[in-house]
Amino acid sequence: MRIDFAESRQSTLGLEWEIALVDRESGDLRSVAQEILDGVHANHGNLGPDEEHPHVKQELLLNTVEIVTGVCDTVAQAKKELHDNMQAVREIADPMGVELFSAGSHPIAQPSTQPVTDKDRYGKLIDRTQWWGRQMVIYGVHVHVGVDHKSKVLPIVDGLINFQPHLQALSASSPFWGGEDTGYASQRALMFQQLPTAGLPYHFSQWSEYESYVADMLHTGVIDDISEIRWDVRPVPRFGTVEMRIADGLSSLKDVGAMAALTQCMVQSMSDRLDAGERIPVMPQWYRVENKWRAARYGLDAIIILDKAGNEQLVTEHLTELLNELEPVSKRLGCENELRDVERIMRGGAGYQWQRKIAAENNGDLCAVVRDNTARMRLT
């Protein structure tokens with residue numbers, strides 16, 4: 001099987017932001033995505049009746065919409081597109097008494113009661129995965145970065161997985177599940193990997209091995225389409241990108257921009273190293289698994305494994321070193337301000353820390369956590 005990789009300019013950017021719809025009064029999820037999508041569609045004068053809105057899209061659950069950008073050159077441009085399309089959603093949601101919420105999970109919602117979007121591929125997913133599929137009341141941020149040559153794609157996937165715990169710890173925002181504190185910084189990270197073809201990617205030494213894997217998955221009926229490979233980091237051949245899918249949902253555009261800048265800078269840095277003839281280290285699979293678990297469990301307090309020799313360091317210390325290394329890259333890409341926001345997250349706290357703080361200040365009231373999140377979204 002041959003899989004072509006689309007032409008793409010190096011380090012162009014595309015963002016996807018999954019957003020939950022919640023009731024303004026109760027804070028619970030509301031399954032009104034179709035009404036929101038219909039309203040946004042009607043306000044977009046150039047769309048035909050059967051055309052999908054280019055930037056506001058359906059998701060698995062009827063309580064969710066996804067806001068996506070086009071191909072952007074800078075993080076600032078991508079943030080502007082997200083902001084504008086969020087405002088288009090608010091024009092419909094506000095009169096309905098619906099607020100916008102984004103975190104890795106909703107703190108009080110009962111997963112099994114959430115209606116699924118009436119679409120064939122979603123129905124097949126739930127039919128196959130059953131209880132696990134019905135638990136997917138989770139939200140994330142995905143970052144696509146353009147890669148200018150197919151030969152770089154798999155090494156960059158491996159390279160981003162080396163930094164999975166950094167990205168997971170910064171974005172972790174799902175400590176609560178069904179009204180309980182799980183003890184984890186990111187419940188979403190461990191929940192999502194229960195789906196077939198989700199979780200950590202495999203290591204492939206060359207593109208033909210990846211093509212063989214996809215062919216096997218299609219032949220055996222594990223997937224019907226390459227997009228059903230839902231790894232934490234994956235190639236997206238039709239776009240010519242590598243997609244980072246590690247991040248939990250984020251409650252502010254600044255935080256989304258920080259994750260986008262960090263990802264974009266890392267991909268550019270790895271591309272430069274490959275152009276210079278260097279190799280991207282590949283972590284042993286058992287260390288990849290352990291690092292993911294540590295970041296999901298401990299967040300910014302995780303002590304992570306750095307290399308195949310088993311050296312370890314506090315994730316925030318290693319992040320500080322990484323940001324210093326990436327500073328010249330961020331200036332080239334025009335995202336130095338957004339990259340500095342990574343430091344702001346480390347200083348001020350990640351989403352899971354804020355949620356626990358708000359809950360503690362309100363005698364364990366998790367509705368207060370929802371209200372705080374929607375208020376932060378209002379500042380976007």
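Guide: The model is a predicted one, and every value below is computed from it.

The pairing partner of β10 is strand β11, residues 241-244; the two are antiparallel and share four bridges. Within this pairing, R234 faces E243 of β11. Four residues separate β10 from β11 in a hairpin, and in its turn G240 adopts a positive phi of about 75°.

Helix α5 covers residues 150-162 and is mostly covered itself, with 10 of its 13 residues buried. The buried set consists of K152, V153, L154, I156, V157, D158, G159, L160, I161 and N162. An α-helix has 3.6 residues a turn, so residues three or four places apart point the same way.

The aromatic side chains come next. The count of aromatic pairs is 12. One of them joins F204 and W231, whose ring centres are 6.1 Å apart and whose planes meet at 40°, so this pair is classed as tilted. F204 belongs to the loop between β8 (198-199) and α8 (207-219), whereas W231 belongs to strand β9 (residues 230-231); the pair therefore ties together parts that are 27 residues apart in sequence. Both F204 and W231 are buried. A second pair, W293 with Y298, is edge-to-face, with 5.9 Å between centres and 85° between planes. Here W293 is partly exposed at 31% relative accessibility, and Y298 is partly exposed at 37%. F204 and W231 also belong to a cluster linked by ring pairs, together with F5, Y202, W207, Y210 and Y213.

Charged groups meet aromatic rings as well. The charged end of R297 lies over the ring of Y184, at 6.0 Å from the ring centre. In another case, the charged end of R376 lies over the ring of W354, at 4.0 Å from the centre.

Because five of the five residues of β3 (residues 64-68) are buried, the strand is largely enclosed by the rest of the structure. Strand β1 (residues 13-23) pairs with β3 in the antiparallel sense over five bridges, and T64 in β3 is the bridge partner of A20. Strand β2 (residues 56-58) also runs antiparallel to β3, joined by three bridges, with K57 opposite E66. Five residues lie between β2 and β3, which form a hairpin.

The cysteines complete the account. The number of disulfides is zero. The cysteine sulfur closest to that of C72 is in C335, and at 13 Å it is too far for a bond. For C335, the closest cysteine sulfur is in C265, at 3.5 Å; this is also too far for a bond, because a disulfide requires the sulfur atoms to be within 2.5 Å. C72 is buried, at 1% relative accessibility, and C335 is buried, at 0%.

Key: Residues are numbered from 1 along each chain as its sequence is written. This is a predicted model: local features need pLDDT of at least 70, side-chain atom pairs count only at pLDDT 80 or more; totals for chains, interfaces and linings use all residues. Side-chain values use heavy atoms; hydrogens and water are left out. Buried means under 20% relative accessible area, exposed over 50%, partly exposed in between (1.4 Å probe, protein chains only). Two strands pair if DSSP finds at least two bridges between them. Rings of Phe, Tyr and Trp (its six-membered ring) pair if their centres lie within 6.5 Å; planes under 30 degrees apart count as stacked, over 60 as edge-to-face and the rest as tilted. A charge sits over a ring if NZ of Lys or CZ of Arg is within 6 Å of the ring centre and within 35 degrees of the ring normal.
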